[in-house]
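Please keep the sequence and the model open while reading.

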Amino acid sequence: MSESLTRDQYLELYYYMKLNRMLDEQLVRLFRQNVVVGGLYSNLGQEATSVGTAYALEKRDWIAPMIRNVGGLLVKGYRPRDILTQYMARYDSPTMGKDGTSHFGDLKDRHVVSPISMLGDLVPVMTGVAIGGRYLGQNIVAMTWVGDGATSTGAFHEGLNFAATQHAPLVLVVENNQWAYSTPVAKQVPIHDLADRAKAYGIASSVVDGNDVVAVYQTAKEAVARCRDGKGPVLIEAKTMRMKGHAQHDPAEYVPKEMFKYWEARDPIARYEKYLTENDIWDAKTKASLDARIDKELKEELEAAEKSPLPPPELAEQGVYCDGCHTIEPEWKRSKKEVMPPQSSVKPEWEVADFGGFDLASTISKKAAAKGDNGGVPAIQSKSVRAETVASQELKTNGRKLSVQKSNGRAEKSKVLERVPFGRGPKGKAGRK
Amino acid sequence: MPPVTMLEAIRQAIFEEMERDPSVVTIGEDIGVYGGAFKVTAGLLERFGWERVIDTPISETAIIGAAVGMSYQGLRPIAELQFIDFIACCFNQITNFVAKSHYRWGAPVPMVMRGPSGGGVHGGPFHSANPEMYFVHTPGLKVIYPSTAYDAKGLLKSAIRDNNPVLFLEHKFLYRRIKEELPEDDYTVPIGKAIVRREGRDLTIVTYAAMMHTSLEAAEELAKEGIEAEVVDLRTLLPLDKETILQSVKKTNKLLIVHEDTRTGGIAGEIAAVACEGAFEDLDGPILRVTAKDSPVPFSPPLEERFLPNKSDVLAAARELARY
């Protein structure tokens with residue numbers, strides 16, 4: 001049992017996770033009643049990752065959720081009706097029906113940046129939020145989530161590299177839910193732990209059992225503290241499982257049945273309920289009253305959502321530009337004088353003693369040799385990683401070998417290639433030979 | 001005050017805005033110690049320090065992404081793309097993240113994306129682009145392409161103060177070739193307003209950026225033949241100043257559009273449609289276009305000269321139009 005959490009906080013973690021799940025179930029019912037417009041993306045099985053990480057943040061901190069991080073939105077103060085109306089494309093939704101799903105945010109109060117469907121793009125954007133906050137003296141941390149699939153995108157790598165060079169206070173949660181649509185993680189990336197990506201960028205990383213909310217919370221808390229101390233970005237890999245298809249239309253028949261069984265036995269909410277009971281944090285009565293509260297709230301939230309009309313058609317062409325509807329003023333937490341001349345004036349010169357030359361290179365390799373394979377990169381130790389979960393990564397990957405194509409032994413004569421003219425030039429002149 | 005180049009005018013705009021407002025920051029490749037590939041940002045680092053002049057890795061997606069993030073913090077970043085051709089590398093960030101942000105969830109993105117554009121300097125297929133139409137076709141953005149030092153400075157200031165994402169294209173052929181005396185006081189030029197550079201009665205030439213100068217030269221020559229061409233400089237491509245275009249067309253009854261961008265899908269097509277929709281009854285002749293050829297920008301001088309529209313192309317088209 002962790003000392004850093006109070007009983008109320010333990011119960012609050014349960015509340016958010018359970019609310020996340022019950023909302024998910026409610027949405028499935030609405031989907032079947034044809035009330036949901038478009039696709040429905042389930043969070044089932046990933047509640048501990050979203051809730052545990054977001055719960056480690058303070059109010060001033062920023063998040064950018066992905067589609068399965070409704071738990072993070074709830075922790076940040078959004079209510080189920082916001083998610084319901086988004087999926088139902090209603091006028092009272094945070095985007096007034098202009099976008100759906102978890103694609104919404106709030107710059108002013110909740111500090112939530114809306115995702116877009118293109119994966120990985122939030123990494124550079126949240127790096128910007130992080131360094132912007134640092135410039136303004138806010139001492140904030142920016143957190144975002146990406147799936148295993150998004151680690152294959154260029155934006156992920158460009159963003160992470162830039163965050164690393166900037167020592168940005170960015171916590172990047174790689175939510176390894178084993179599947180990117182129908183592509184298993186083993187086909188997505190040729191490495192065992194996605195956390196290893198951090199090594200290449202010289203930043204701290206850790207692996208955590210994403211279905212253990214207390215472990216997730218503790219790992220995230222440590223990462224957030226590290227960021228706030230100015231020690232640079234942290235990558236957390238949370239190993240979890242997407243328990244449904246990519247979206248509601250997808251029966252996920254490509255997922256081996258044993259795999260679902262394996263993860264069902266590690267359901268984050270059932271596990272946490274057991275944890276709370278075994279550690280005497282709650283009793284049956286507390287659980288019943290929490291569950292009843294969630295049921296009641298969801299009922300009210302649904303009623304509110306259902307009352308909301310569809311948007312008026314003329315809204316379609318409105319709001320493309322800010323025509324003075326917003327007043328933009330950064331929240332300064334430091335003296336502006338510091339960043340204005342003459343105080344801001346510097347002598348621009350290289351700060352690296354050896355100008356990035358050979359001495360630096362040899363220092364790095366010496367450090368790497370001394371520290372093992374980690375390249376001198378500090379790793380935050382996550383004590384809570386369960387060996388069993390990590391072992392589950394070794395899913396059977398039909399043991400494919402790469403076949404190396406060999407030449408047929410004959411040395412090919414070098415052929416003189418005929419030049420193919422790709423423009424014939426002025427009339428009467430054939431392409432130059 | 002001595003006359004300054006367009007490049008210096010742009011530098012002054014950034015410098016003065018950073019002096020005026022601590023929320024203005026710059027981000028890009030080699031903009032700090034080196035002062036930028038074209039030296040537009042020279043001296044900024046010394047004056048404003050590392051926090052406000054951010055050198056980045058070669059990562060256009062990270063540059064634009066980080067600029068968006070900073071703008072969400074209420075800052076006003078100016079992102080430099082070393083050559084505008086590299087804007088293709090961050091196309092997704094600009095068209096999907098930046099442009100749709102305010103519309104989708106009411107998050108304004110007060111940022112400027114600027115970079116050297118255009119041909120005529122033998123930059124070849126990857127250092128000569130006129131990428132305006134990818135972005136003119138993207139609701140949510142504003143697109144500016146000035147032709148004079150005065151406009152460049154005034155429009156860039158407006159762009160920095162605007163609450164929307166603005167793509168600010170700088171024609172590199174003009175960087176050091178044109179000079180102008182600028183007012184000493186703080187002035188701005190409004191976004192979305194075209195200007196009549198030369199009055200005329202016989203035909204209207206709608207143009208912008210480097211081709212504005214080519215068109216003006218042609219107009220002077222046409223005047224010797226008794227053809228008085230009116231030259232309209234768009235300055236802003238999105239939003240398009242339809243009113244000024246239509247006013248001029250209704251006056252001269254003939255329309256010639258000149259741009260350095262390639263022909264198919266160039267803004268000339270859009271302007272022709274605007275004229276047909278708003279001044280069809282006033283047109284006394286066909287709407288003609290003088291544009292670059294439909295090919296990538298070639299490298300070798302004779303090829304690039306062939307590719308780019310020039311004064312004699314404008315003269316020929318204007319003379320043809322004058323016959324109607």
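## Conventions and overall make-up

Buried means under 20% relative accessible area, exposed means over 50%, and partly exposed is in between, with a 1.4 Å probe and protein chains only. The model is predicted, so local features need pLDDT of at least 70 and side-chain atom pairs count only at pLDDT 80 or more, while totals for chains, interfaces and linings use all residues. Residues are numbered from 1 along each chain as its sequence is written, chains are lettered from A and ligands numbered from 1 in the order in which they are written, and side-chain values use heavy atoms, with hydrogens and water left out.

Chain A has 14 helices and seven strands, where helices (H or I, at least four residues) and strands (E, at least two) are DSSP runs numbered from the N terminus. Of the 433 residues in chain A, 51% are buried. With contact taken as heavy atoms within 4.5 Å, 76% of the contacts in chain A between residues at least 6 apart in sequence join residues at least 24 apart.

## A mostly covered helix

Helix H4 (residues 80-87) of chain A is mostly covered, with seven of its eight residues buried. These buried residues are A:Pro80, A:Asp82, A:Ile83, A:Leu84, A:Thr85, A:Gln86 and A:Tyr87, and they pack against H1, helix H3 (70-75) and H12 of chain A. After H4(A) comes A:Ala89, which has a positive phi near 60°.

## Packing around helix H5

Helix H5 (residues 122-135) and helix H6 (residues 154-166) of chain A pack at an angle of about 20° with their axes 7 Å apart; axes are lines fitted to C-alpha atoms, for helices over the stretch in contact, and angles run from 0 to 180 degrees between N-to-C directions. H5(A) and H6(A) are therefore roughly parallel to each other, a label given to angles under 35 degrees. On the H5(A) side, A:Val123, A:Pro124, A:Thr127, A:Ile131 and A:Arg134 meet residues of H6(A) that include A:Phe156, A:Leu160 and A:Phe162.

A:Met126 counts as buried because its relative accessibility is 0%, and its C-alpha atom is separated by 7.1 Å from that of A:Met143, 17 residues apart along the chain.

## Aromatic pairs

Over all chains the structure holds 20 aromatic pairs, in which rings of Phe, Tyr and Trp (its six-membered ring) have centres within 6.5 Å, with planes under 30 degrees apart counted as stacked, over 60 as edge-to-face and the rest as tilted. One of these is the edge-to-face pair of A:Tyr14 and A:Trp282, at 4.7 Å centre to centre and 70° between the planes. Since A:Tyr14 lies in helix H1 (residues 7-32) of chain A and A:Trp282 in the loop between helix H11 (268-278) and helix H12 (284-307) of chain A, the pair ties together parts that are 268 residues apart in sequence. A:Tyr14 is buried at 0% relative accessibility, and A:Trp282 is buried at 7%.

In chain B, B:Phe15 and B:Phe48 form an edge-to-face pair at 5.3 Å centre to centre, with 65° between the planes. B:Phe15 lies in helix H1 (residues 6-20) of chain B and B:Phe48 in helix H2 (residues 44-48) of chain B, so the pair ties together parts that are 33 residues apart in sequence. B:Phe15 is partly exposed at 21% relative accessibility, whereas B:Phe48 is buried, with a relative accessible area of 2%.

How values were computed: Parallel < 35°, antiparallel > 145°, perpendicular 65-115°, else oblique.
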